[in-house]
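Here's a quick briefing to read alongside the model. Have the viewer open as you go.

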Amino acid sequence: MSRTFLSVYLFASVFALVCPDSSELNITAEPGQTVTLPCAATNLNIAVVKWTKDGLEGYIMLYRDEHFENASQLPSFKERVELKKGWKEDGNVSLILQNVTTADSGTYECEVVQEGKKAADLICNITLSVDPAGGDKRSRGRIGLYAAIALAVIVGCLALWLI
């Protein structure tokens, strides 16, 4: 097996572990925590970013026309949400949700409109579960396991590359 093929295979494996299909992403949190709902656009020419939650009319966060529209924002999210710092430079439009409550549980969607386009692209679909009992400890263990495997694969790739 060639070293290049092995490196590409290992990289793809790491990517699959670290970047799961966003439609299957589930996040568990405890009340009072700050959570980040990850979402990234592939194009940096972003004209509109819109975060919504299933079952609610309106938006959690809306950026368009070079500013955030706060007047029509859902009241329960005012003063509790923001986009990741530096999002205009790197396209990471992850939503930071502070002081979560059980009412925040549900499915969130992130849509992005690129400059020059009229239609939005659904970028992320994330389910948040806020569990007052402390969340599912097994999912935390799985995340640790995935991180350890990813780290081992990265170290292996680097070792193969340097040989």
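Helices (H or I, at least four residues) and strands (E, at least two) are DSSP runs, numbered from the N terminus. This is a predicted model, where local features need pLDDT of at least 70, side-chain atom pairs count only at pLDDT 80 or more, and totals for chains, interfaces and linings use all residues. Residues are numbered from 1 along each chain as its sequence is written, and side-chain values use heavy atoms, with hydrogens and water left out.

**Around Glu69**
- Glu69 sits in the loop between β5 (67–68) and β6.
- With a relative accessible area of 18%, Glu69 is buried (buried means under 20%, with a 1.4 Å probe and protein chains only).
- Its side chain makes a polar contact with the side chain of Arg64 at 2.6 Å; such a contact is a pair of N or O atoms within 3.5 Å, and within protein one must be able to donate a hydrogen and the other to accept it, while residues adjacent in sequence count only if both atoms are side-chain atoms.
- Leaving aside neighbours within four places in sequence, Glu69 is in contact (heavy atoms within 4.5 Å) with Tyr59, Leu62 and Arg64.

**The sheet**
- An open sheet of 3 strands runs in the order β2-β7-β6, with antiparallel pairing (strands pair if DSSP finds at least two bridges between them).
- β2 (35–37) and β6 (81–83) are at the edges with a single partner strand each, so one side of each lacks a neighbour in the sheet.
- β6 and β7 (residues 95–97) pair over 3 bridges, and Val81 has Leu97 in β7 as its bridge partner.

**Whole chain**
- The protein chain has 3 helices and 9 strands.
- Of its 163 residues, 33% count as buried.

Definitions and conventions
Buried < 20%, exposed > 50% of the residue type's maximum accessible area, 1.4 Å probe, protein only.
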